[in-house]
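Have the view open as you read.

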Amino acid sequence: MPQSANDIDDSSQEMEEEFKSKTEIKREMHKLQDFGQSLVDMSKHQRSRLPLSEDLKYAMVLADKISNKHEALRRHIRHIAKILLETDLEPIHHAIEVMANKHQQESAKFVRLETIRDELIAQGNDAVEALISEFPKIERQKIKQLVRNAAKEKKAEKLGKHYKNLFTYLKANA
């Protein structure tokens with residue numbers, strides 16, 4: 001029983017925080033169903049790298065079994081959403097983000113290596129010496145030979161074997 005006007009305000013604020021409209025609850029469940037569908041759509045290898053609870057793992061195995069039965073799968077995804085409602089989703093989202101980011105990091109590394117290769121061909125020995133100082137693992141004679149051959153190919157406008165070999169060598173050693 002409220003003793004003063006301040007107590008009434010406090011209790012009404014708590015009620016507002018606890019109250020969710022039916023529409024908000026439906027939106028949350030639809031988001032969880034979409035997330036559950038994205039988990040089901042992942043490959044088994046990708047899901048094995050996620051920190052899923054035993055219930056979710058079992059639900060995923062069952063989803064794989066009924067994947068060709070549309071209506072059963074739809075109902076099962078609703079069940080998965082209910083499990084997700086009781087699960088801490090932060091570790092799962094983090095693991096998915098790491099998997100997606102790994103691909104982006106590999107793409108960025110690829111672009112960086114292509115840039116280094118093009119600079120080596122364009123600048124010659126100066127770029128080779130700078131690269132050797134940055135990566136001491138690289139053999140001076142081998143890299144100079146690869147750059148020289150790739151530059152010849154580029155002048156002849158026939159990028160091929162040596163151009164690819166230079167990239168492969170950089171990928172392995174830089």
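The notes below cover a helix and then the nonpolar cores of this predicted model.

**Helix α6**

Helix α6 covers residues 90-123, which is 34 residues. At 1.5 Å a residue these should span 50 Å, and the end C-alpha atoms lie 48 Å apart, so the two values agree. Its buried residues are I92, A95, M99, L113, I116, R117, L120 and I121. They pack against α2, α3, α4, α7, α8 and α9. After α6 comes G124, with a positive phi near 75°.

Which residues have the most contacts inside the largest nonpolar core? They are L39, L56, I80 and L84, in a core of 23 residues. Two or more residues each come from α2, α4, α5 and α6, and α5 gives the largest share, six residues. A second, separate core of 20 residues includes I132, A151, F167 and L170.

**A closer look at L39 and L84**

L39 sits in helix α2. It counts as buried because its relative accessibility is 0%. The table gives the contacts of L39 and L84, leaving aside neighbours within four places in sequence.

| Residue | In contact with |
|---|---|
| L39 | R47, L50, M60, L84, I92 and I96 |
| L84 | L32, F35, G36, L39, L56 and L89 |

L39 and L84 are in contact with each other, and I92, a contact of L39, is also among the buried residues of α6. By contrast, L39 and E153 are 47 Å apart, C-alpha to C-alpha, and 114 residues apart in sequence.

Technical notes. Residues numbered from 1 in each chain as written. Predicted model: local features only at pLDDT ≥ 70, side-chain atom pairs only at ≥ 80, totals over all residues. Heavy atoms only, no water. Helix = DSSP H or I, 4+ residues; strand = E, 2+ residues; numbered from the N terminus. Expected span 1.5 Å × (residues − 1). Buried < 20%, exposed > 50% of the residue type's maximum accessible area, 1.4 Å probe, protein only. Contact = heavy atoms within 4.5 Å. Core = buried A, V, L, I, M, F, W, Y, C linked by side-chain atoms within 4.5 Å.
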